[in-house]
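Subject: Handover of a structure, with notes

Dear colleague,

Please find below the structure I am passing on to you, followed by an account of what was found in it. I would be grateful if you would read the notes with the structure open beside them.

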Amino acid sequence: MSAVAAERIKLMSTRSPWWTSAVAVVIVIGLTAVVVATWSPADGSVPFAVSGYFATFGMVVVMVMATVSVTSEYRFGTIRTTFQAVPNRTAALLAKAAVVVPVAGVVGLLAGFGSWGVAWLISPTSMSLSTGAEWRVVAGIALVWAVGAVIALAVGVLVRQTAGAVTLLLVWVLLVENLIGLIPRVGADIQSWLPFVNATNFLTGGGGDAGAVPSMSTMHFGPWGSLAWFAGVAVVLMAIALAVANRRDA
Amino acid sequence: MIEVRGLTKRYRSTLAVDDLTFEVRPGVVTGFLGPNGAGKSTTMRMVLDLDRPDAGEVRIDGRPYRDHARPMRTVGALLDAKWVHPNRSARRHLQWMAAATGLPATRADEVLELVGLTAVAGKRAGTFSLGMAQRLGIAGALLGDPPVLMFDEPVNGLDPEGIRWIRTLMQGLAAEGRTVFVSSHLLSEMALTATELVVIGRGRLISHGPTAAFVDGASGSSVLVRSPAITDLVPVVQAAGFGVTPDPSGGARVTGASTEQIGELAAAAGIVLHELTQVRGSLEEAFMQITGGDVEFTAGGPPPRPPVPGAPAPGPAGTHRSEVQR
């Protein structure tokens with residue numbers, strides 16, 4: 001489809017998506033390597049979930065890449081050229097998602113297998129990849145980052161400004177969802193419904209000592225239910241973003 | 001062919017475009033004239049379905065913009081030359097546009113050649129001068145080889161060579177039978193480029209017709225005359241059948257007369273003249289005359305203050321005095 005081809009050229013023809021994607025992969029692999037390399041026998045055996053410890057960190061970088069792919073179009077006015085070429089705005093924005101979301105997934109795949117691979121090289125015994133829970137930690141990063149990219153795109157369409165969209169995403173993912181658990185009594189219950197908490201539950205929940213969020217025991221869903229909930233939130237946000245984009249002036 | 005019917009756009013309390021109806025025909029350059037803030041860009045954005053009108057509709061070759069399967073092959077537009085990603089090369093910029101409208105990537109190089117940017121095709125668009133950016137924008141408009149072309153203030157900020165290039169290009173495109181719709185706030189520019197004029201002020205249609213007719217009407221010029229014996233001169237001029245209004249400079253403005261006629265009248269009556277100037281009406285003045293001050297000057301500045309005693313009185317804004325003093 002021609003709109004998708006155009007979005008592919010757009011994403012690949014500036015340097016920043018390449019850089020942000022590379023940074024996301026390097027951060028996850030690098031930090032995993034540091035943790036596994038400094039693990040001493042006195043700390044016990046290396047938990048398999050170490051492979052996914054820094055998934056959120058890399059995901060935030062990929063989400064910035066995704067949201068900037070939209071906000072930079074508003075910043076530089078090319079969104080108007082985009083809508084000139086494809087006046088059906090839903091189609092134009094879904095074409096962008098059709099490029100950015102798979103890219104986020106592939107970058108997640110590289111990060112997931114890369115961090116598992118580097119951990120396995122350092123500590124082969126504790127990092128054998130066999131159970132479903134272990135596969136989820138490694139390959140699941142791709143799914144989580146892809147869904148995260150959908151949310152980031154929707155936020156970009158709604159906010160339209162890079163600084164605002166990036167700030168909102170960082171505060172939401174890194175602060176709000178973690179700090180809400182501090183509210184006495186209700187905090188943990190609210191937290192169990194939050195999308196990125198569910199994303200983490202999908203990656204490392206039900207998989208033993210995963211270093212997961214403190215409230216993991218109160219989760220409403222199992223790992224795959226959490227992923228579905230996370231994806232559902234993303235789809236709803238994207239639907240809202242598309243409706244808003246269709247209604248307002250470009 | 002662009003048909004605009006009852007187009008209306010409201011931004012909160014201001015009516016940016018007010019029940020605008022006109023047609024832009026193929027084969028000629030049609031100018032879209034109005035002072036800054038008159039609603040020209042808003043109208044053009046609504047033609048492209050970028051802004052949603054509150055009322056009315058636009059049809060391009062018989063259909064609304066969004067109903068064209070490949071709209072860039074029907075309408076090519078340059079609304080703002082700055083609408084490029086500064087870190088993307090000119091070639092890649094045109095390539096994604098070509099891809100979006102289903103054209104091969106080679107088409108990008110063809111239009112780059114057409115506007116003379118082949119040598120800088122690989123350079124980042126952010127490094128382009130205004131003139132180069134304008135050419136890149138025009139390359140984008142020509143990409144789909146469209147029968148309808150629309151340019152918003154294409155000569156703004158260009159050097160004389162660039163202005164002439166764009167003028168020639170637009171006339172050439174019209175001569176090929178295309179519909180060419182180009183906006184400007186400069187009557188002098190439109191007088192040179194456009195055959196037809198659509199004139200708006202404050203979002204309303206002021207006139208629609210041949211350029212020559214509008215220019216004649218607009219420069220239904222006046223003569224500024226100053227004389228120590230102005231009170232003697234005024235009855236003489238009025239007796240000759242010309243209208244006279246007082247001028248802020250202390251002189252008088254005579255409408256419908258030439259400097260020759262006034263000079264001869266004064267000489268016949270033996271009246272000394274200190275100034276005799278042909279005052280060509282500017283576009284803004286024409287607007288004032290035609291609309292009775294129905295013009296929104298967005299350039300603004302503070303509201304006029306009472307004149308400071310001793311300070312020279314400011315001349316009437318937007319007036320060009322040609323040097324025909326004698």
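I begin with a pair of side chains in chain B: B:Arg52 and B:Asp49 form a salt bridge, and their closest N and O atoms are 3.4 Å apart. Please bear in mind throughout that this is a predicted model. The two partners differ in exposure, because residues under 20% relative accessible area count as buried. B:Asp49 is buried, at a relative accessible area of 8%, whereas B:Arg52 is partly exposed, at 22%.

Further salt bridges within chain B

A second salt bridge joins the side chains of B:Arg107 and B:Glu110, with 2.9 Å from N to O. Both residues belong to helix H3 of chain B, which covers residues 106-115; they are three residues apart there, and therefore about one helical turn separates them. In general, an α-helix has 3.6 residues a turn, so residues three or four places apart point the same way. B:Arg107 is buried, with a relative accessible area of 17%, while B:Glu110 is partly exposed, at 44%.

In chain A, salt bridges that share partners connect A:Glu7, A:Lys10, A:Glu73 and A:Lys96 into one network. Over all chains, the count comes to 22 salt bridges.

A buried glutamate in chain B

B:Glu196 lies in strand S8 of chain B, which covers residues 196-201. B:Glu196 is buried, with a relative accessibility of 15%. Its side chain is joined to that of B:Arg25 by a polar contact of 3.3 Å. Leaving aside residues up to four places away in sequence, B:Glu196 touches a set of residues that includes B:Arg25, B:Val28, B:Val29, B:Thr30 and B:Gly31, and also B:His208, B:Gly209, B:Pro210 and B:Thr211.

Chain B as a whole

Chain B contains 10 helices and 14 strands. Of its 326 residues, 51% are buried. Among the contacts in chain B between residues at least 6 apart in sequence, 68% join residues at least 24 apart.

The interface between the chains

How much area is buried between chain B and chain A? The figure is about 2,400 Å², and carbon and sulfur atoms give 61% of it. On the side of chain B, the residues that lose the most area to chain A are B:Leu50, B:Trp83 and B:Trp96, which together make up 28% of what that side buries. The contact involves 27 residues from chain B and 25 residues from chain A.

Between the two chains the count is one salt bridge. In it, the side chains of A:Asp249 and B:Lys9 meet at 2.8 Å, N to O. In chain B, strand S1 (2-11) and helix H2 (90-100) each supply at least two residues to the side that touches chain A. Helix H2 of chain B gives the most to that side, with six residues. By class, the side of chain B that touches chain A has 14 nonpolar, four polar and nine charged residues.

Chain A

Helix H1 of chain A covers residues 2-12, and its buried residues are A:Ser2, A:Ala3, A:Ala6, A:Glu7, A:Ile9, A:Lys10 and A:Leu11. These buried residues pack against helices H2 (16-38), H3 (55-76), H4 (78-85) and H5 (89-122) of chain A, and against H2 of chain B.

The unreviewed UniProt entry places the feature "transmembrane region" at residues 18-40, 52-72, 93-117, 137-159, 166-186 and 224-245 of chain A. Two of these spans may be described further. In residues 52-72 of chain A, the end C-alpha atoms lie 30 Å apart, and the span is 86% helix and 0% strand. In residues 166-186 of chain A, the end C-alpha atoms lie 28 Å apart, and the span is 71% helix and 0% strand.

With kind regards

Note on methods: Residues are numbered from 1 along each chain as its sequence is written. Chains are lettered from A and ligands numbered from 1 in the order in which they are written. This is a predicted model: local features need pLDDT of at least 70, side-chain atom pairs count only at pLDDT 80 or more; totals for chains, interfaces and linings use all residues. Side-chain values use heavy atoms; hydrogens and water are left out. Contact means heavy atoms within 4.5 Å. Buried area is the accessible area (1.4 Å probe) that two parts lose on being put together, summed over both. A salt bridge is a side-chain nitrogen of Lys or Arg within 4 Å of a carboxyl oxygen of Asp or Glu. Helices (H or I, at least four residues) and strands (E, at least two) are DSSP runs, numbered from the N terminus. Ala, Val, Leu, Ile, Met, Phe, Trp, Tyr, Cys and Pro count as nonpolar, Asp, Glu, Lys and Arg as charged, and the others, Gly among them, as polar. UniProt positions are given in the numbering used here, feature names are shortened, and annotations may be inferred rather than shown by experiment. Buried means under 20% relative accessible area, exposed over 50%, partly exposed in between (1.4 Å probe, protein chains only). A polar contact is a pair of N or O atoms within 3.5 Å; within protein, one must be able to donate a hydrogen and the other to accept it, and residues adjacent in sequence count only if both atoms are side-chain atoms.
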